[in-house]
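Subject: Structure handover

Hello,

Here is the structure for you to look over. My notes follow below it.

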Amino acid sequence: MKLVIQRVSKASVEVNNEIVGQIDKGLMVLIGIKDSDTTQEADYLINKLLKMRIFPDDEGKMNKSVKDVDGKLLLISQFTLYSSHKKHRPSFHKAMNFKDAEELYDYFCNKCAKEIVTETGLFGEYMNVKLVNDGPVTIVIEKDFKGN
């Protein structure tokens with residue numbers, strides 16, 4: 001599982017020209033799910049995401065988590081994070097199948113929502129994402145317990 005985390009001052013996601021999720025201060029997170037991922041990877045990354053200290057403290061040092069600053073999450077599925085590029089057209093064979101990925105994405109979102117205000121995109125839909133990257137701060141984290 002791979003997360004692309006962006007610290008934002010605001011972000012939104014639209015489907016068919018309608019906003020389906022939006023936040024002010026917080027983290028906009030693109031979530032890629034690999035074919036071998038399980039709830040074990042999700043739990044690890046949720047813990048890491050919620051505790052990651054990437055918001056400034058009173059001295060301007062990145063020393064506070066999204067929860068510390070009463071921030072929010074905007075979680076968006078993005079299977080293209082597991083593309084491979086042997087030629088000019090990407091292949092997505094490492095991405096998890098649609099049904100299982102949707103279940104794991106829902107698990108991830110629901111678990112986050114128990115800890116912090118969480119908005120989401122719509123799984124499997126064509127989405128337009130808008131954000132103001134604060135900093136800019138963008139961090140990529142990945143976890144694969146199976147070593148694949």
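Helices (H or I, at least four residues) and strands (E, at least two) are DSSP runs, numbered from the N terminus. The model is predicted: local features need pLDDT of at least 70, side-chain atom pairs count only at pLDDT 80 or more, and totals for chains, interfaces and linings use all residues. Residues are numbered from 1 along each chain as its sequence is written, and side-chain values use heavy atoms, with hydrogens and water left out.

Lys 10

Lys 10 sits in strand β1 (residues 2-15). Its relative accessible area is 48%. That makes Lys 10 partly exposed, a class between buried (under 20%) and exposed (over 50%), using a 1.4 Å probe and protein chains only. Contact means heavy atoms within 4.5 Å. Setting aside neighbours within four places in sequence, Lys 10 touches Ile 23, Asp 24, Lys 130, Leu 131 and Val 132. Gly 26 is 16 residues away in sequence, and its C-alpha lies 7.4 Å from that of Lys 10.

Leu 122

Leu 122 is in the loop between β7 (118-120) and β8 (128-142). Leu 122 is partly exposed, at 38% relative accessibility. Beyond neighbours within four places in sequence, its contacts are Val 15, Val 20 and Met 127. Leu 75 is 47 residues away along the chain, with 9.5 Å between the C-alpha atoms.

The helix pair

Helix α1 (residues 39-51) packs against α2 at about 35°, with the axes 10 Å apart. Axes are lines fitted to C-alpha atoms over the stretch in contact, and angles run from 0 to 180 degrees between N-to-C directions. From α1, the contact uses Thr 39, Ala 42, Asp 43, Leu 45, Ile 46 and Leu 49. From α2 come Leu 104, Tyr 107, Phe 108, Lys 111 and Cys 112. Eight of these residues are nonpolar, one is polar and two are charged. Here Ala, Val, Leu, Ile, Met, Phe, Trp, Tyr, Cys and Pro count as nonpolar, Asp, Glu, Lys and Arg as charged, and the others, Gly among them, as polar.

The pocket lining

β3 (26-32), β6 (72-77) and α2 (98-113) each give at least two residues to the lining of the largest pocket. A pocket is an open set of points on a 1 Å grid over the protein atoms alone, where a 1.4 Å probe fits, with protein on both sides within 12 Å along at least five of seven lines; lining residues have an atom within 4 Å of a point. β3 supplies the largest share, three residues. The lining divides into 14 nonpolar, five polar and one charged.

Best wishes
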